[in-house]
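Welcome! Take a look at it first, and then we can go through it topic by topic.

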Amino acid sequence: MDLALFPLQTVLFPGMKLPLHIFEERYMLMVRECIDESTPFGVVLIRSGEEVGQAAIPHNVGTIAKITDVETLDEGRMNLLTLGVERFRIIAVTTTNPYLRGEVELIEQRRESVPAETLARAEDLFATYLKLYMAIGNQWTRGVELPVDSRNAADYIAARLELPPPTKQQLLEELSPSARLDREIALIAEALPEMRVRLEAEQRQRTAGFAVLN
């Protein structure tokens, strides 16, 4: 399968929405061609290089992005809304176009049974994580209900965790839903104590600010 490649400092997961602002000439061309041909493109995390300028070197595993909405702007720029669809692995990269293209193969997650207690633990921890994350930003949420399919549940969590891109790439490349959920459980459990400290600090600051105003 031949696929246009968009190297970014972001990891896209299947089922995840990704808004993009397209302003560089080569990627405006790429998106126009994808729209004209009704084809998707591949989002890949940059291994080395930058998003703008010379072509970056991407990681080998990425996610196909389907364009779901386009807003055209001045000078050919665009705002896109895309949706992650499937994982792929790059077999070979070509640079005959102004942008990268790759010969890719689709890869599937393992079909395996995930213990119910693992899913329940992941859902409980992620709900706590999300409430703390929103509270730190002075927002709130009613909670979360994970997708029933363990593969989708693992991707749902990974897409929403605040993690360094290399860690997210590791989660993308892990094709075992059980192993990915176990890793996510460990990452959340490690993050929660610091998040509680951050929230307490934010609340003290807000209280102090309110006292000054009054």
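How many residues apart are Tyr129 and Tyr133 in helix α2? They are four residues apart, and therefore about one helical turn separates them. Please keep in mind that this is a predicted model.

**Aromatic rings**

- Searching the whole structure turns up five aromatic pairs.
- One of them joins Phe126 and Tyr129, which count as stacked because their ring centres are 6.2 Å apart and their planes meet at 15°.
- Phe126 and Tyr129 are three residues apart in helix α2, so about one helical turn lies between them.
- An α-helix has 3.6 residues a turn, so residues three or four places apart point the same way.
- Phe126 is buried, with a relative accessible area of 0%, and Tyr129 is buried too, at 4%.
- Tyr129 also pairs with Tyr133: their ring centres are 6.2 Å apart and their planes are at 10°, so this pair is stacked.
- Tyr133 has a relative accessibility of 37%, so Tyr133 counts as partly exposed.
- Together with Tyr156, the residues Phe126, Tyr129 and Tyr133 form a cluster linked by ring pairs.
- Over the face of Tyr156 you will find Arg160, at 3.6 Å from the ring centre.

**The nonpolar cores**

- The largest nonpolar core is made of 31 residues. Phe6, Phe13, Leu20, Ile22, Met30, Phe41 and Leu80 are the ones with the most contacts inside this core.
- At least two residues of this core come from each of β1 (2–8), β2 (17–22), α1 (25–37), β3 (41–48), β5 (61–72), β6 (78–94), α3 (150–160) and α4 (165–173).
- Helix α1 gives the largest share of this core, with five residues.
- Met30 is in contact with Ala4, Leu5, Phe6, Phe41 and Tyr99, once its neighbours within four places in sequence are left aside.
- There is also a second, separate core of 24 residues, and Ala154, Ile157, Leu161 and Leu181 are among them.

**Helix α1**

- The 13 residues of α1 should span 18 Å at 1.5 Å a residue, and the end C-alpha atoms are 18 Å apart, so the two values agree.
- The buried residues in α1 include Arg26, Tyr27, Met28, Met30, Val31 and Cys34.
- Among the elements that cover the buried residues of α1 are β1, β2, β3, β5 and β6.
- After α1 comes Ser38, with a positive phi near 55°.

- Within α3, the buried residues include Ser150, Ala153, Ala154, Asp155, Ile157, Ala158 and Ala159.
- The side chain of Asp155 makes a polar contact of 3.2 Å with the side chain of Gln109.
- Gln109 sits in the loop between β7 (101–107) and α2 (116–136).
- With a relative accessible area of 12%, Gln109 is buried.
- Leaving out residues up to four places away in sequence, Gln109 touches Arg87, Arg151, Asp155, Leu175, Pro177 and Arg180.

**His59**

- You can find His59 in the loop between β4 (57–58) and β5.
- Is His59 buried or exposed? Its relative accessibility is 15%, so His59 counts as buried.
- His59 touches Val44, Leu45, Ile46, Arg47, Ile90, Gln169 and Glu173, not counting residues up to four places away in sequence.

**Ser48**

- Ser48 belongs to strand β3.
- Ser48 counts as partly exposed because its relative accessibility is 35%, a value between the 20% limit for buried and the 50% limit for exposed.
- Ala56 and Ile57 are touched by Ser48, when residues up to four places away in sequence are not counted.
- From Ser48 to Leu106 there are 58 residues in sequence and 23 Å in space, C-alpha to C-alpha.

Terms used:
Residues are numbered from 1 along each chain as its sequence is written. This is a predicted model: local features need pLDDT of at least 70, side-chain atom pairs count only at pLDDT 80 or more; totals for chains, interfaces and linings use all residues. Side-chain values use heavy atoms; hydrogens and water are left out. A nonpolar core is a set of buried Ala, Val, Leu, Ile, Met, Phe, Trp, Tyr and Cys residues joined through side-chain atoms within 4.5 Å. Buried means under 20% relative accessible area, exposed over 50%, partly exposed in between (1.4 Å probe, protein chains only). Contact means heavy atoms within 4.5 Å. A polar contact is a pair of N or O atoms within 3.5 Å; within protein, one must be able to donate a hydrogen and the other to accept it, and residues adjacent in sequence count only if both atoms are side-chain atoms. Rings of Phe, Tyr and Trp (its six-membered ring) pair if their centres lie within 6.5 Å; planes under 30 degrees apart count as stacked, over 60 as edge-to-face and the rest as tilted. A charge sits over a ring if NZ of Lys or CZ of Arg is within 6 Å of the ring centre and within 35 degrees of the ring normal. The expected span of a helix is 1.5 Å times one less than its number of residues.
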